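Dear colleague,

Please find the structure below, as promised. My notes on it follow.

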Amino acid sequence: MSESPGPSGPDEEHVRPPGTGDTTVEALGALTEALEKVERARGQLYGFHQLTGGADLTLDRAVELLRMGGHAEQADLVEREILGRNVVPGCWTFQLVEAYDDAYYRPFLAVEEQVRRELVGGRRHVYEAEMKEARRTHGHPDHTARP
C-alpha cells in the first residue's frame with residue numbers, strides 16, 4: 001500500500017516514507033493504539049478524581065443535614081473518618097493524577113513521538129490512513145480520501 005498520493009489519495013502527511021516496511025507501519029499503528037488506550041485511561045483517572053472530589057464536597061451537606069437532624073455523633077463520625085480522607089495512603093486524587101502524568105503519561109507521549117519522528121518523519125496515523133485507503137470505495141462521495 002505504498003502508492004504515491006494523488007489528488008484522490010491520502011495527503012503526504014499520511015503516506016509512509018519511501019523504504020518504510022509493512023512491519024514498521026504496523027508497529028507504529030500498535031504504538032498509536034496503545035497511546036490511545038493510555039489517553040482513555042488518563043481520562044478515566046480524571047473522572048475518578050472529579051467524582052471522588054465531588055463526593056467529598058457533597059459530604060459537607062450530609063454532615064450539615066445530620067447535625068440539623070439531631071445526629072451530631074454520626075455527623076462527627078463522617079466528618080472525622082471520611083471527609084478529606086486520603087484515597088490511598090498519603091494521597092488525594094489530584095496527587096494520583098499528577099503522579100500518573102509525571103511517571104507514565106508524559107514519558108509515553110515523548111517516546112511515541114520520538115519513535116514516529118525517527119521511523120516515519122513524525123507522521124501520524126500512517127497505518128490508519130493506509131487502512132482507510134484500502135477500505136474506501138473510490139469514486140463514492142462519502143468515501144473521499146481527504147476532507
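The residues lining the largest cavity comprise five nonpolar, three polar and four charged; here Ala, Val, Leu, Ile, Met, Phe, Trp, Tyr, Cys and Pro count as nonpolar, Asp, Glu, Lys and Arg as charged, and the others, Gly among them, as polar. This is a predicted model, in which local features need pLDDT of at least 70 and side-chain atom pairs count only at pLDDT 80 or more, while totals for chains, interfaces and linings use all residues. Residues are numbered from 1 along each chain as its sequence is written, and side-chain values use heavy atoms, with hydrogens and water left out.

On the terms: the search runs on a 1 Å grid over the protein atoms alone, and a cavity is a set of points where a 1.4 Å probe fits but cannot get out. A pocket is an open set with protein on both sides within 12 Å along at least five of seven lines, and lining residues have an atom within 4 Å of a point. Grid points are joined across faces, edges and corners, and a volume is the space filled by probe spheres set on the points.

The count is one cavity of 30 Å³ or more, and the largest cavity has a volume of about 60 Å³. Its lining consists of Val 25, Leu 28, Gly 29, Thr 32, Arg 116, Val 120, Arg 123, Arg 124, His 125, Val 126, Tyr 127 and Glu 128. Helix H1 (22-68), helix H3 (93-120) and helix H4 (126-135) are the elements that give two or more residues to this lining; helices (H or I, at least four residues) are DSSP runs, numbered from the N terminus. H1 provides the largest share, four residues.

H1 and H4 also pack against each other, at an angle of about 110° and with their axes 7 Å apart. Axes are lines fitted to C-alpha atoms, for helices over the stretch in contact, and angles run from 0 to 180 degrees between N-to-C directions. H1 and H4 are therefore roughly perpendicular to each other (65 to 115 degrees; over 145 counts as roughly antiparallel). Val 25, Glu 26, Gly 29, Thr 32 and Glu 36 in H1 are in contact (heavy atoms within 4.5 Å) with Val 126, Tyr 127, Glu 128 and Glu 130 in H4. By class, that contact has three nonpolar, two polar and four charged residues.

The largest pocket holds about 260 Å³ of space. It is lined by 15 residues, and Thr 52, Gly 53, Asp 56, Arg 85 and Val 87 lie nearest its centre. H1 and H3 are the elements that give two or more residues to the pocket lining, with the largest share, seven residues, coming from H1. The lining divides into seven nonpolar, six polar and two charged residues.

The axes of H1 and H3 come within 10 Å and cross at roughly 165°, so the two helices are roughly antiparallel to each other. Their contact has 20 nonpolar, five polar and five charged residues.

Helix H2 (residues 72-81) has its axis within 7 Å of that of H1, and the two cross at roughly 160°. H1 and H2 are therefore roughly antiparallel to each other as well. On the H1 side, Leu 59, Val 63, Leu 66 and Arg 67 meet Ala 72, Gln 74, Ala 75, Asp 76, Val 78 and Glu 79 in H2. This contact comprises six nonpolar, one polar and three charged residues.

Regards

Note on methods: Angles under 35 degrees count as roughly parallel, over 145 as roughly antiparallel, 65 to 115 as roughly perpendicular and the rest as oblique.
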